[in-house]
Amino acid sequence: MPAMTMIQALNSALDVKLGSDPDALIFGEDVGYFGGVFRVTEGLQKKYGARRCFDSPISEGGIVATAIGMGAYGLRPIVEIQFADYILPAYDQLVSEAARLRYRSNGEFWCPITVRSPYGGGIFGGQTHSQSPEAIFAHVTGLKTVIPSNPYDAKGLLLAAIEEDDPVIFLEPKRLYNGPFDGHHDQPLVTWAEHPLGEVPQGHYTVPLGTARVMREGREATVLAYGTMVHVCNAAIAEAGIDAELIDLRSIVPLDIETVIASVRKTGRCVIVHEASRYGGFGGELSALVQERCFYHLRAPIERVAGWDTPYPHAFEWDYFPGPDRVAKALKRCVEAVA
Amino acid sequence: MEISRTARGANRPALSLHIPEPATRPGDVPDFSRITVPEAGAMPCPDIATPEAQMRDMPYGLIRVLDEKGRAVGPWDPRLDEDTLRAGLRAMLKTRLFDERMFRAHRQGKTSFYMKSLGEEAIGAAQALMLEAGDMNFPSYRMLSWLMARDYPLIDLCNQIYSNERDPLRGRQLPILYSAREYGFYSLSGNVGSRFGHAVGWAMASAYKGGDAIAVGHVGDGTTAEGDFHEALTFASVYRAPVILCIENNQWAISSFSGIAGAGATTFAAKAIAYGMPGLRVDGNDFLAVCSATLWAAERARANHGPTLIEFFTYRAAGHSTSDDPTRYRPAEEAAQWPLGDPLERLKDHLIALGAWDAARHEALAAELTAEIRAASRQAEAVGTLGQSKPNPREMFEDVFAEPDWRIIEQRREAGV
């Protein structure tokens, strides 16, 4: 199997879909001729024509609104919002329309759209190129939200998302586009070529939504993460010298609750890690779910490591970003806690 | 004048903020002197292939076909056969009678909410009859006449309004926010304007597939202020989508007069100019004018000439909804003074002038429709009105997704359904 970056894996998923489904089409800002500001749609317009992959006006609300109309007609639109920070102009369309269309029409109309968007920090993106908005989508009934952490999952999850008959928010951790990143910003970059999950099949396969991946088995604690934080947590576990079980949730909605419960019941301890700010973050929901379902197995308070409750700053990138050191400390607190 | 930089501190008026106000308020004598009503038949009818730049007077005129004697005049006369005219009259009358009955049903506590389309019945009725079965309407909540013209079952309307056990939307949706795919009527939602772009996307999809169907979208005058309006027009223009984008300018957005939406500065139809698409301004109370403007725009769309914006100039004769009392912000007699009259009466007069209708037939039709509506509402009431009957609460958990996830299954169990 060829080694692919996450960008190439996503591009491959889109290529597979455009090649196999004439009702699939792509549009968004700069995705056509130029191939996207992150190259995810590179070459697709040339291969399939402008009708299948085209540029849109700078209008996130318009992009999602027209995609919903196309979905109602029977197409399978895949649209891009250039940065997740700029998805908010489309929030009304996503919340009031895409998420509700099937429910309010008793299934007469539905919305098989996929909204791809680069998200997350660690790239000196400042306030509007770094945010992690997954929690504001997790709270919306009718939306599915997916976040890959590696090229293999990125392709399989994207194909699964496109094939869903429900609207899917597909958040791509842009820090992971070119290689895994464990939070050690002062160390040399690594590439996906050296990572086992950088091996990506050429053709069609899916990673089903709602299935977590156990990245590392362990006995002493469970670490729940997704996106870039999966790699940060992996490093933190090694540095803390703790035999922790690391779970990559892969999808926020639907959530693989079974895998989470089984792990925490086994380890009795749980650390939740995300880049998004803590208060009202998805970690709060995870913590509540674990507490409700694993209360008698828990041997320590659930720990949450997250971005601070501030806007995402520029100069303070590494003071803000929940790096391996913060995660390792939380892991130690959790494991050493005595009831 | 001479342009020169005024010296700092020079004597000039202080800036003042302009807050538009309607000409009259409760207690005043209604005054529509600001509205110019051009003669019927006066507007030219350009070829559908005419470039937009050559039609820039259209958005400032008013397309009218029916004159004061009920005759169809001028180049916009759609020359419809008598059966179509009678079908239009029937749909409008049915809408009006149904509105009256359901308004009373609300006052009797049989439903929580209702909205009439009094005075605006021509728009939906005409478009439903002029467009094809495969076309899709993305309506506003004041377009019941579309469903009436296409013979949507009255019993289903009543069941939806009563949210009873047979509600086609399974009790999930506020009364009158219908969805009727088979009738070319897209799912309504309460937030205004958010489906305008869906109409454009649907039309783009039809073009993408090389189909022959077009879309028609509707917003009110107030909703033109939403960003969705601009977005829809931009996308429609950029991709030359086969769509008719309509504004029902009924002069009022709840209590705000159209000036609050920008009517003081220009017409709503003129907004089309900025997007490079034709803008038609049409007498919305003239069934024939609505028909021909719709046909014109539909032909343009089907010939790949792209979108058209149409402002239907009309008047919201009733309150905004059952929760509204218009006498608190406009003169009570205003509706009766509206210079474009009543769309139903005008079409009736036209049919009578043609010798294709008379008072006796009209009375008979009204009696027939009243009986039909009474029968349907009684049938629905027998199933149950709001609070007396509802779909199985299990329905609350269906259709969130194509397949429920574990949360929904668990919660359904928790709810004991």
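User: How many cavities of 30 Å³ or more does the structure hold?
Analyst: Keep in mind that this is a predicted model. Rolling a probe the size of a water molecule over the atoms shows where empty space is left. With the cut-off set at 30 Å³ or more, the number of cavities is 4.

User: Okay, and how much space lies in the largest cavity?
Analyst: Its lining includes B:P22, B:F32, B:W252 and B:E334. Sorted by class, that lining has 6 nonpolar, 3 polar and 3 charged residues. The space inside the largest cavity comes to about 80 Å³.

User: Now the pockets. Which element gives the largest share of the lining of the largest pocket?
Analyst: This pocket holds about 690 Å³ of space. Among the 28 residues lining it, A:A138, A:H139, A:T141, B:R407 and B:Q411 are the closest to its centre. Two or more lining residues each come from α6 (134–138), β10 (251–253) and α10 (282–294) of chain A, and from α12 (406–414) of chain B. The largest share, 6 residues, belongs to α12(B).

User: Which residues are closest to the centre of the second largest pocket?
Analyst: That pocket has about 460 Å³ of space. By class, its lining has 10 nonpolar, 10 polar and 4 charged residues. Out of 24 lining residues, the closest to the centre are B:R34, B:I35, B:A263, B:R281 and B:F313.

User: Let's switch to domains. What area is buried between domain 1 and domain 2 of chain A?
Analyst: Chain A is divided into domain 1 (6–198) and domain 2 (213–336), and their centres, taken over C-alpha atoms, are 25 Å apart. In chain A, 37 residues of domain 1 are in contact with 30 residues of domain 2. Carbon and sulfur atoms give 61% of the area buried between these two domains. That buried area is about 2700 Å².

User: Last one: how far apart are the end C-alpha atoms of residues 90–384 of chain B?
Analyst: An unreviewed UniProt entry lists this span as "domain: Dehydrogenase E1 component". In the model, residues 90–384 of chain B are 44% helix and 11% strand. The distance between the end C-alpha atoms of the span is 28 Å.

Conventions
Residues numbered from 1 in each chain as written. Chains lettered and ligands numbered in written order. Predicted model: local features only at pLDDT ≥ 70, side-chain atom pairs only at ≥ 80, totals over all residues. Heavy atoms only, no water. 1 Å grid on protein atoms, 1.4 Å probe; cavity = no way out; pocket = protein on both sides within 12 Å on 5 of 7 lines; lining within 4 Å. Points joined across faces, edges and corners; volume = space filled by probe spheres on them. Helix = DSSP H or I, 4+ residues; strand = E, 2+ residues; numbered from the N terminus. Nonpolar A, V, L, I, M, F, W, Y, C, P; charged D, E, K, R; others polar. UniProt positions renumbered as here; feature names shortened; annotations may be inferred. Domains from an automatic or database assignment. Contact = heavy atoms within 4.5 Å. Buried area = accessible area lost by both parts, 1.4 Å probe.
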